[in-house]
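Please open the model in a viewer and keep the selection tool at hand.

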Amino acid sequence: MTIESIPGSSGYLDLFPERRMSYFSNSYVVGLTIVAGIGGLLFGYDTGVISGALLYIKDEFEAVNNSSFLQETIISMALVGAMIGAAAGGWMNDTYGRKKATLLADVVFTVGAVVMASAPDPYVLILGRFLVGLGVGVASVTAPVYIAEASPSEVRGGLVSTNVLMITGGQFLSYLVNLAFTEVRGTWRWMLGISAVPAVIQFVLMLSLPESPRWLFMKDDKNKAISVLSKIYDLARLEDEIEHLTAALEEESQKSVIRYSDVFKIKEIRIAFLAGAGLQAFQQFTGINTVMYYSPTIVQMAGFRSNQLALLLSLIVAALNAAGTIVGIYLIDHVGRKKLALSSLSGVILSLVILAVAFFAESSDSSGGLYGCIAVLGLALYIAFFSPGMGTVPWTVNSEIYPEQYRGICGGMSATVNWISNLIVSESFLSVADAIGTGTTFLILAGIAVLAVVFVIVFVPETKGLTFAEVEQIWEERAWGSGYDTKTESLLEQGDQS
């Protein structure tokens, strides 16, 4: 089977345009995407809710109010859990399947939410944050892969980006919840505890959904896989998809046992991982979760001292984040991943410079009202530029650039890079801002965004509308050259490692 004849490839869809699918053409795929995306909702809710809850946690626990380190630890302990969950989640996805990994993530997240809501002191709260992080980490690996493997290639970017919309929607929901409970007794306990609700909902709905058809094929459970695929494709394309997956399974069965070390030893996988992990790292080091975690605090730094006003302004920022993601869902399959990332980063650089200038000016002007407004405008612009591109592109690209047998492992490893980067930024932001100033800190983030532009230009290929097989061919050609017998070389390299 040639690349051009593979179902979903550009050549195939040119030959059979009537088989092209649109975003909403199959309600089953959309429903599956939304249910799987509840994992993204948990991810986003936890990211957003802690920023508002922290304002009230400081009021209840004097030790937290007096310690920037404790504040950063309460936030970052979820990231430690997520880092571990993502690393283990890749292995769990490949070994036990995407569905079981999701169910386990829901259980762990729910337990963590209950522990947080009932915490008698900051240290039990930190334990709950760790458990919630474990669940979020597994979900952050599983949801994009599960959606990508059930998606037709021509709409895969938009469907995977729906998971990012759920993340940003979760952040928006968290700010609504934060505002709703500002005058309720036990304010922050309600904010954190209510996060168990979507986890329970996803657990129940996920029981009725199937396993990923590609994972079922990989485990040689063809009958179940065909049953799932028949709900996604019409009969003509279904037959072609089955033929292609069967051929791919036969090819994979000839390869050696999969090992983590292969990611670094096999050239084409190594450069794919570099691109995917690099995107994840730059997503964090350009400051997105600094903005989301600390946006109420940043708003207060800008001169708006009321907790309620800070939360209200942060709600507007979260709404812009969700709206920008909706724009990204459309653009990612029309403009393409690479162009979208580059245009996004250009706006991010401009926004971070505006933020830096506002904070420099505010620190030298005791009134600070005008510059506080400019700082909030900079935050809004940052989100408006970031969310359509760098918010969606890293997760989409990482769901589609790895070979089938390495998709779980590499997805888990790249998500771990994301969480490690997230941990470094969130654990250090307040301390660095205290030490060198908020304006200088934002300038450093702008410099990192410039490096991200160079990285995307050099290392990230365009994967818009490509099948998984076509994406693999890109890495093989980059690794060995277009005229080289790439499969023979890759197998020989595997044999040398045995």
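**First stop: a buried pair**

Select Arg98 and Asp94: both residues are buried, a term that denotes under 20% relative accessible area, with exposed meaning over 50% and partly exposed in between (1.4 Å probe, protein chains only). The model is a predicted one, in which local features need pLDDT of at least 70 and side-chain atom pairs count only at pLDDT 80 or more, while totals for chains, interfaces and linings use all residues. Residues are numbered from 1 along each chain as its sequence is written, and side-chain values use heavy atoms, with hydrogens and water left out.

The side chains of Arg98 and Asp94 form a salt bridge at 3.3 Å, N to O; the term requires a side-chain nitrogen of Lys or Arg within 4 Å of a carboxyl oxygen of Asp or Glu. Arg98 has a relative accessible area of 0% and belongs to helix 5 (residues 98–117). Helices are DSSP runs (H or I, at least four residues), numbered from the N terminus. Now display the surroundings of Arg98: beyond its neighbours within four places in sequence, its contacts (heavy atoms within 4.5 Å) include Thr142, Tyr146, Glu149, Trp215 and Glu404.

Select helix 19 (residues 393–400), where 8 of the 8 residues are buried, so the helix is largely enclosed by the rest of the structure. Among these buried residues are Trp395, Asn398 and Glu400.

Which residue forms a salt bridge with Glu400? The partner is Arg337, with the closest N and O atoms 3.0 Å apart. Because Glu400 lies in helix 19 and Arg337 in helix 17 (residues 337–363), the pair ties together parts that are 63 residues apart in sequence. Glu400 is buried at 1% relative accessibility, and Arg337 is buried at 0%.

In total, the structure holds 11 salt bridges.

Select Lys224 and Asp221, whose salt bridge has its closest N and O atoms 3.9 Å apart. Lys224 is exposed, with a relative accessible area of 52%, whereas Asp221 is partly exposed at 27%.

Select Leu352, Tyr382 and Phe442, the residues with the most contacts inside the largest nonpolar core, which has 56 residues. Such a core is a set of buried Ala, Val, Leu, Ile, Met, Phe, Trp, Tyr and Cys residues joined through side-chain atoms within 4.5 Å. Its largest share, 10 residues, comes from helix 17. Another core, of 39 residues, lies apart from it and includes Phe61, Val136, Val177 and Leu423.

Then select helix 7 (residues 156–180), a run of 25 residues that reaches 36 Å from its first C-alpha to its last. Of these 25 residues, 18 are buried, so helix 7 is largely enclosed by the rest of the structure.

**Last stop: a nonpolar surface patch**

Finally, select Leu274, Val454, Ile457, Val458 and Phe459, a nonpolar patch on the surface with about 420 Å² of accessible area together. Patch residues have over 30% relative accessible area and no salt bridge, and nonpolar side chains (Val, Leu, Ile, Met, Phe, Trp, Tyr) are joined within 5 Å; areas come from the Shrake-Rupley method with a 1.4 Å probe. Helix 21 (residues 438–459) supplies the largest share of the patch, 4 residues. Val454 lies in helix 21 and is partly exposed, at 48% relative accessibility.

Notes: Helices (H or I, at least four residues) and strands (E, at least two) are DSSP runs, numbered from the N terminus. The expected span of a helix is 1.5 Å times one less than its number of residues. Patches are made of residues with over 30% relative accessible area and no salt bridge: like charges are joined within 9 Å, nonpolar side chains (Val, Leu, Ile, Met, Phe, Trp, Tyr) within 5 Å.
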